[in-house]
Amino acid sequence: MSASVPAALPISGTQPGETQPPVAISAFRAFLSRLNDSLRNSLSERRPWPELADLSTFSKPESFSDATLRIRKNYSYFRVNYLMVIGVTLAFSLIFHPFSLLLLLGLLFSWIFLYLFRPADQPLIIFGRTFSDRETLGILVIFSIFVIFLTSVGSLIISAIMLGFGLVCAHGAFKAPDDLFLDDQEPAATGFLSFIGGAASNAVAATVPTISNTRI
């Protein structure tokens, strides 16, 4: 009768005494790092602010079509500056409405820590009840609808963006772009959502290797 061979014990890749950061924290740090790099690269393309505020280049447009053409040319040249103006307008609106700011931050952190960067092997448990990913997503969607449409947050954001958009259009219509150097080909993505979405998508892509390596 042959002797039985003892089963091999699984060996973890982590040495005794070593600790690994939680997946959510490491992925969130990678997200912030990549987002910071993307924003720095985008902000490096901004034009000098004195050039934006040079009063000697302002004049009344001859017609509506002339104003529209000026806005397009100035937006192509001062794109990053204009987006910063809209962002600052939105930031000041939220600062002067702290309740709306707290609601918006609560909604943002809920999506980040309860869904986007929550480890897949750690279910959400609240008051002893375990929530699945589908239930968590449904709760966050309902909470988002409540915050944006049933409170003052949605109207505040829309009014702030419209105010910033109005300032940008007024500046672009009255600033003569004749002396501006414009590239022959405009960038393909020049919108506000493309500017933010591109940075965020690049940042999210950087978190995928971090999550995979941590789970291994």
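Because the model is predicted, local features need pLDDT of at least 70 and side-chain atom pairs count only at pLDDT 80 or more, while totals for chains, interfaces and linings use all residues. Residues are numbered from 1 along each chain as its sequence is written, and side-chain values use heavy atoms, with hydrogens and water left out.

Aromatic rings were treated first. A pair of aromatic rings is described by the distance of the centres and the angle of the planes. Rings of Phe, Tyr and Trp (its six-membered ring) pair if their centres lie within 6.5 Å; planes under 30 degrees apart count as stacked, over 60 as edge-to-face and the rest as tilted. By this rule there are six aromatic pairs. The ring centres of Tyr77 and Phe78 are 4.8 Å apart and the planes stand at 90 degrees, so this pair is edge-to-face. Ring pairs also join Tyr75, Tyr77, Phe78 and Tyr82 into a cluster.

Burial was assigned from relative accessible area (buried under 20%, exposed over 50%, partly exposed in between; 1.4 Å probe, protein chains only). Tyr77 counts as buried at 9% relative accessibility, and Phe78 counts as buried at 0%.

A charge sits over a ring if NZ of Lys or CZ of Arg is within 6 Å of the ring centre and within 35 degrees of the ring normal. The charged end of Arg47 sits over the ring of Tyr77, 4.0 Å from the ring centre. Likewise, the charged end of Arg129 sits over the ring of Phe131, at 4.6 Å from the centre.

Helices (H or I, at least four residues) and strands (E, at least two) are DSSP runs, numbered from the N terminus. Helix H3 has 14 residues (64-77) and should span 20 Å at 1.5 Å a residue, which agrees with its end C-alpha atoms being 20 Å apart; the expected span is 1.5 Å times one less than the number of residues. Ala67, Arg70, Asn74, Ser76 and Tyr77 are buried in H3. The cover over these buried residues includes helix H2 (49-52), helix H4 (79-95) and helix H7 (152-174).

Thr136 lies in helix H6 (residues 133-149) and counts as buried at 2% relative accessibility. Apart from neighbours within four places in sequence, Thr136 is in contact (heavy atoms within 4.5 Å) with Leu114, Tyr115, Arg118, Leu124 and Phe131.

An unreviewed UniProt entry places the feature "transmembrane region" at residues 77-95, 101-117, 137-168 and 188-211. Such annotations may be inferred rather than shown by experiment. Residues 77-95 are 95% helix and 0% strand, with end C-alpha atoms 29 Å apart.
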